[in-house]
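Please open the structure in your viewer and keep the selection tool at hand. The stops below tell you what to select and what you will find there.

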Amino acid sequence: MTAVEQPCYTLINLPSDSDPPNEMQLKLDLEKGDVKIKIEALKKTIQMIASGERLPGLLMTIIRFVLPLQDHMIKKLLLIFWEIVPKTTQDGKLMQEMILVCDSYRKDLQHPNEFLRGSTLRFLCKLKEPELLEPLMPAIRVCLEHRHSYVRRNAILAIFTIYRNFEFLIPDAPELIANFLEGEQDMSCKRNAFLMLLHADQERALSYLASCLDQVTSFGDILQLVIVELIYKSTSDVHTSCGVLVVDFVLPAGWQVCHANPSERSRFIRCIYNLLNSTSPAVRYEAAGTLVTLSSAPTAIKAAASCYIELIVKESDNNVKLIVLDRLIALKEHPTHERVLQDLVMDILRVLASPDLEVRKKTLNLAMELVSSRNIEEMVLVLKKEVAKTHNVVEHEDTGKYRQLLVRTLHTCCIKRLLDAFPMIKSVTVHRAALWILGEYSSSPEDIQSVMNQVRQTLGEIPLVDDELRRATGDKGEEDVAQLQQAPVQKLVTSDGTYATQSAFNTTSLSKKGEARPPLRQYLMDGDFFIGGALGTTLAKLALRYGALVADPKKHNRFCAEAMFVMASILHLGKSGLPAKAMTNDDADKLYLCLRVLSDKSPVIVNIFNENCRKALSVMLSAKAEEEATTQKAKEKPGSLIHADDPISFLQLSSTRGGELGGSENVFELSLNQAVVGGRRDGMGGSGLGTGELSITSKLNKVTQLTGFSDPVYAEAYVHVNQYDIVLDVLVVNQTGDTLQNCTLELATLGDLKLVEKPQPVVLAPRDFCNIKANVKVASTENGIIFGNIVYDVSGAAADRNVVVLNDIHIDIMDYIVPASCNDTEFRQMWAEFEWENKVSVNTNLTDLHEYLRHLINSTNMKCLTPEKVMLSSEKALSGQCGFMAANMYARSIFGEDALANLSIEKPFNKPDAPVTGHIRIRAKSQGMALSLGDKINMTQKGPQKTSGA
C-alpha cells in the first residue's frame, strides 16, 4: 500500500464496460431529478470517487438536495459516500461543509427507525476525524439505552472504536460499558460489551466474569467464545502450549488475580470444564485448547483430548476434522500428554468412520505413534474389522487406497508388537516364525535397525565362542555385569515367616551348566542350529533391504558387516564343540550361502531374497488351504451320494404323509404332492396313477356326510384342500317327489377361515341331484369348522321355507403341516424364541416306545430330528427295551409357521404290558398352532388309527 492510498472499508463492484458519467449531468440529476434519478446519480458519483475522481463541486449539491431526503436507499448510499469522500482540505483541516454533515449524522442517530440508527453507528466506527465525532458523543451514549438490541450492540462497537482511537472523547468508556453489561439481557449486546472490556479494561472483564462464572453455561455461544478468550489471555500469558513456551513481558491483571488467588484459577478451570459440554462446536474447540494451557493434569488433558475426538467424529466438514486432528497431533508432542493419549487410542480410531482418505491417513498415523503393548491387540481387531468392511462396500476410487493403508498399518502394528514381545519368546518354533516375519515385513530403516538390536540382545555378547569360554572360566562379560547391576531385588518369605532379600548377585552361578542364557543363544547351545540358519536368512534379507532404503554407503556397509559378524559367530560356535550337538552341514551351508549373498549381492539372488520368498509363502498357503479343504470333504459323511442299489423315489407314488420316522420329502415336494393328489377329480382320468388304489382311498377319506339318508335332501361334501384355500364340492340329492325351488347352500365358518362367495340357488326336480361348489380361504394353521344348512322352497306349497341342518365339517391342520429339517443349533434357538408352549400328557394303550414314536410321527406329520443311535443306545434298546426315550421333532406349515416338539416317554422294566407314559412339549410361535397340534395328538395317541383328511 502506497502513502497516498486510504484504508478501504467497503468494496464496490464497478462495471468495466460502462461510459464515465458527466459531472455536469450528475449535478443536474442530483438537483432536479426525482428519487430514482438521484439514486442512480449518487451511485455513479460513488463509483467515480472510488475510481480516484475528487468531484469537489458535487459535495455541496449532495448536502443541499440529497442529504435532507428520508428515502432509506439514499440513506444507505450516503453512508458509503461519506465514507469515501475526502473530508479535509489540502492542508489537512476539516472542510467546513462537514459541519452540516455532522448535524445530519446527529439526526440519524436520533431517528425513530432502529435500522437507520444502527447503520449510522456502524458507519461511525469507520470515521477517523475526531472533530466529526466529538459533537456526536451524547447521541451515541443515548443509543446505549435504545429499546432495540441492534442499536445497542452497534452503539457498543462505536464506543469501543472511538475509545480505542480517540480515548479523550470518551474516557469513561470502560466504566460505562461495565455498568451497561450488568443490566443487559441480550446475548449479542453482552458479547460486544464483554469483548470491549476484554481489550479495553481486562480487570473489569475479570470482575464481571467472576460474578457470573456459575452462569456461563447458560450464555449464548458468541458470549461463551469471548469468555474462553478472556480466560485464555488472563491465565496463559506465561504458559506452555503443546510443548512451546510463550512468554509475555507485561503480565495483565488477570494473571496477577489468578496467582494471587488460586481459588479463582480453579473456578476458571471448572468453568472451562463445563464449557467442554457446550452445544456449540466452536466453544468446545476453544475450551479444549484453553484447558490444555490452564492445566497439565492428566484428567484435564484427557478431557480436552476426548472433546477433540468427539468434535472430529461428529463434525461433517473434512477441513474441521483435519484442523482438530492437527491439535491432537500437537498435543502428543508433549511427553506427559502422550501417556494420557495412549489410553484414548481406541477412541481415536472412531475417526476412521470418516469417508475422507486424508483424515483416515492422519488418524492411522496418530494411532500408530500412540499404540502400546496395552492396547495393540484391540487396535489390531479394529483394523481387521475395517479391512473386512472394505470388502462389503461398493468399490470406490479411495476404497482400494484405504484398504492398502489399513494393511500397511496392520503390518506395522504386528511388527511393533512382535519387536516388543521378541525377547520374551521361549519357544524355538515361535522364534523361527517371528524371525521370518520380521525379516519379510520390516520395511523401514528404523524397524530394520530395531530388529538387529533385538537379535543382538537375544543372542548376547558376540563372538559367541569367546563369551562362552569366559563364562566357563567364571569371568563376567560387559553385558553380564550390566545386567547384574540392573538385576531386580526380590523379597522372599522364609520357612519361619520372616522376610529375606534375594538378588541376582547371590543366585547366579556363572560356571553352572544350567545357567540362564539369552533365548537364541540357549537354542544354539542346545544344538538347535536350524534357527541359526533362519536367523542368517533374516539378517541377509534385512541387510539387502537396508541398502535399498538408506543412501549412505557407510551405514549400509556397517549394517552388512554386523549381520555377517553374527552369522560368522554362529558358524564358529557350531564347529567349536561347545554346544550339546554339533551343527549339521545343511545349516552350515545355509549360513555360508547368506554370507556369500551379502558379499556378492548378485541381482538375481537379491531378487530371490526380496521377492520370490514372499511369493513362495503365497503358494504354500494356497496349497495348504486346498489340502485342508480336501481333507474336510473326505471327513464329511457321504450323505449326498446315491448308490446303485438305492431305491428311486417317484413323486407320484409317494404318500402325502411321508415315510417312516417322518419321511425324507422336503416341504416343497410334499406340498406339491398334496396339491396334485388332492386336486384330482373322479372323472379326470381313467388310466394312469390317478386311478390307483392309493388315490381312491385318499379321495374317499375326504368325503363328509352332511345330512342323513332319511332327510328330504341328502348332501355330502368332498373336501379338496389346495394349500391356501379349500374347495367344497357338495353333492345335493332331492329325495322327494316335489320340485325344490331356490335350493340354497348356506355356509358359515369358525377359526381363521373365510367364505369367499355365497353359492348360487338351484332348482332340483324330483329325485334329481346337482353339485354346488364353495371356496373357503385359509389364513393360518388352526383347527377350523365349517357349518351351515340347506334352505329350499317346495313348488306349489304355501308353507314357509324348509331348512335342513348340515353336519359340521372339521378342517384338519394336518392338511397344512409337512415335515421339515433343521440342525440342533437352529432347533435350540427356535425353542428359546417361541413363546407358546402346550404340554400334552401321554395317554395311550401302546406298550412299545418305538411304536409310539412312529405312531406319533404318522399322526402329526412331524419329522424326528434325533438320530436313532442317540435315542436308543444299543441294539437291544432299539427294540424299545431300554425303558426310556427322548426325541426332538419338527414340522412346518405351508404358511411358514414352525412347530417344535420334545418327546419324553418311558415304561417300567418289570411290566412289559404296561402302556407308555410321559409327556410331549409343543412349542410354536402362534397360540393356534400349539393348541391345534396338541388337540391332534390327544385325539390320535390312543392307538394306530387312520386319520381323515377332513
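The tour begins with the whole chain and then moves to single residues.

This is a predicted model, in which local features need pLDDT of at least 70 and side-chain atom pairs count only at pLDDT 80 or more, while totals for chains, interfaces and linings use all residues. Residues are numbered from 1 along each chain as its sequence is written, and side-chain values use heavy atoms, with hydrogens and water left out.

**The whole chain.** Colour the protein chain by secondary structure, and you will have 39 helices and 20 strands, where helices (H or I, at least four residues) and strands (E, at least two) are DSSP runs numbered from the N terminus. Of the 950 residues in the protein chain, 44% are buried, a word that here stands for under 20% relative accessible area, with exposed meaning over 50% and partly exposed in between (1.4 Å probe, protein chains only).

**The largest core.** Next select W82, L121, L124, I140, F194, L209 and M379, which have the most contacts inside the largest nonpolar core, a set of 130 residues. Such a core consists of buried Ala, Val, Leu, Ile, Met, Phe, Trp, Tyr and Cys residues joined through side-chain atoms within 4.5 Å. Helix α17 (residues 298–314) gives the most to this core, with nine residues. Apart from this core lies another, of 47 residues, including L435 and L573.

Now go to helix α11 (residues 187–200) and select K190.

**Aromatic pairs.** Rings of Phe, Tyr and Trp (its six-membered ring) pair if their centres lie within 6.5 Å, and planes under 30 degrees apart count as stacked, over 60 as edge-to-face and the rest as tilted. By this rule the count comes to ten aromatic pairs. Select F81 and W82, whose ring centres are 4.9 Å apart with planes at 65 degrees, so this pair is edge-to-face; both F81 and W82 are buried. Then select F709 and Y714, a stacked pair with 5.2 Å from centre to centre and 10 degrees between the planes. F709 counts as exposed because its relative accessibility is 61%, whereas Y714, at 10%, counts as buried.
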